[in-house]
Amino acid sequence: MTLPRVTVYNEVTVDGKIEGFSGDGGRYYRRGFGLDYDAIMMGSVTAQSFGPAESEDELTGPGPTVEAVPPPPGFETLVQQRRPTLVVVDGSGTVRNWRHAQAQPWYERYVSLVGDHTPREHVEHLRRRDVEVVSAGSRRVDLPGALEQLRRRHGITSVRTDTGGNLTGALLAAGLVDELVLLVAPKLSSRHRARSLVELPHGLPGSVDLALTDLERLEDDTLWLRYEVRR
Ligand SMILES: NC(=O)c1ccc[n+]([C@@H]2O[C@H](COP(=O)([O-])OP(=O)(O)OC[C@H]3O[C@@H](n4cnc5c(N)ncnc54)[C@H](OP(=O)(O)O)[C@@H]3O)[C@@H](O)[C@H]2O)c1
């Protein structure tokens, strides 16, 4: 089975947390868009941040009209470049703000990963929103199967994540991650029980071993670290 190359990309604190600190969002996106990939993958929790969910009335119609969001300063040329596909893992069918995602300047196409367990009305809603549907799995999204379809049917050969620790943990536990690229801020998280870079769904034998391939000290002492996952 030929799968896309998967790069996990996050800004974290020194204690490995993804919340409870203010990062440099502009730099995170600028450097992230400088990496080479065909698609950005996120989970249903992260995708909620695009905007409010549609109301029950809006869901069955054409949806709300959302004005296109202009590229932020420094990203003006983005719209002329080849943009990645947005891929959202959403087996539960909770993402109902696709018009807001489509108004963003970052993406070219939109794909939702679902399974046999995803409510049928939600899949019909996705089709009304011109969101392509990849279905794999019956109780959760089968991540290897979904990635294989992304490669075979959608021509996606590389994916980078923009997500939290649960999806990252599920991808790692399934042996699907090739690389981690981290911005490590010189901070400790201030949040009690802050979410971590990786939340494994179950333990793994041994450790996930990494090989450092790039290291840069940035102007504010943030570290840019690139690791290849050793197989
Ligand atoms: N600092 C950073 O760089 C950064 C970047 C992005 C996001 N974040 C933060 O990350 C947080 C969200 O983290 P999160 O991990 O809870 O949400 P998430 O990244 O949205 O991940 C949850 C998603 O993973 C899927 N999933 C989890 N385990 C799975 C498995 N075993 N098999 C298949 N699918 C699985 C779930 O699928 P179902 O829907 O099917 O259950 C759900 O869609 C937010 O606080 C956000 O702000 C931080």
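1. Before the details, the term: a salt bridge here is a side-chain nitrogen of Lys or Arg within 4 Å of a carboxyl oxygen of Asp or Glu. Keep in mind that we are looking at a predicted model. On that criterion, Arg226 and Glu179 make a salt bridge, with their closest N and O atoms 2.6 Å apart. The two belong to distant parts of the chain, Arg226 in strand S9 and Glu179 in strand S7, 47 residues apart.

2. Since Arg5 sits in strand S1 and Glu179 in strand S7, the pair ties together parts that are 174 residues apart in sequence.

3. How exposed are these side chains? Glu179 has a relative accessible area of 3%, and the cut-off for buried is under 20%, so Glu179 is buried.

4. Another pair to look at is Arg217 with Asp221, where the closest N and O atoms of the salt bridge are 2.9 Å apart. Arg217 is exposed, its relative accessible area being 64%, whereas Asp221 counts as partly exposed at 39%. Back at Glu179, salt bridges with shared partners join Arg5, Glu179, Arg226 and Glu228 into one network. For the whole structure, the search turns up 17 salt bridges.

5. Now the sheet. It is open and built from 9 strands, in the order S5-S4-S3-S2-S6-S1-S7-S9-S8, with mixed pairing. Strand S5 (132-135) and strand S8 (210-217) are at the edges; each has a single partner strand, so one side of each is left without a neighbour in the sheet. From one strand to the next, the twist averages 20 degrees.

6. For a closer look at one pairing, take S2 (residues 39-43) and S3 (residues 85-89): these strands run parallel and are joined by 5 bridges. Ile40 has Leu86 in S3 as its bridge partner.

7. Last, what does helix H1 lie across? H1 (residues 25-34) lies across S1 (5-12), S2, S6 (158-161), S7 (179-184), S8 and S9 (223-229). Relative to S1, the helix runs at about 165 degrees.

Note on methods:
Residues are numbered from 1 along each chain as its sequence is written. This is a predicted model: local features need pLDDT of at least 70, side-chain atom pairs count only at pLDDT 80 or more; totals for chains, interfaces and linings use all residues. Side-chain values use heavy atoms; hydrogens and water are left out. Two strands pair if DSSP finds at least two bridges between them. Helices (H or I, at least four residues) and strands (E, at least two) are DSSP runs, numbered from the N terminus. Axes are lines fitted to C-alpha atoms, for helices over the stretch in contact, and angles run from 0 to 180 degrees between N-to-C directions. Contact means heavy atoms within 4.5 Å. Buried means under 20% relative accessible area, exposed over 50%, partly exposed in between (1.4 Å probe, protein chains only).
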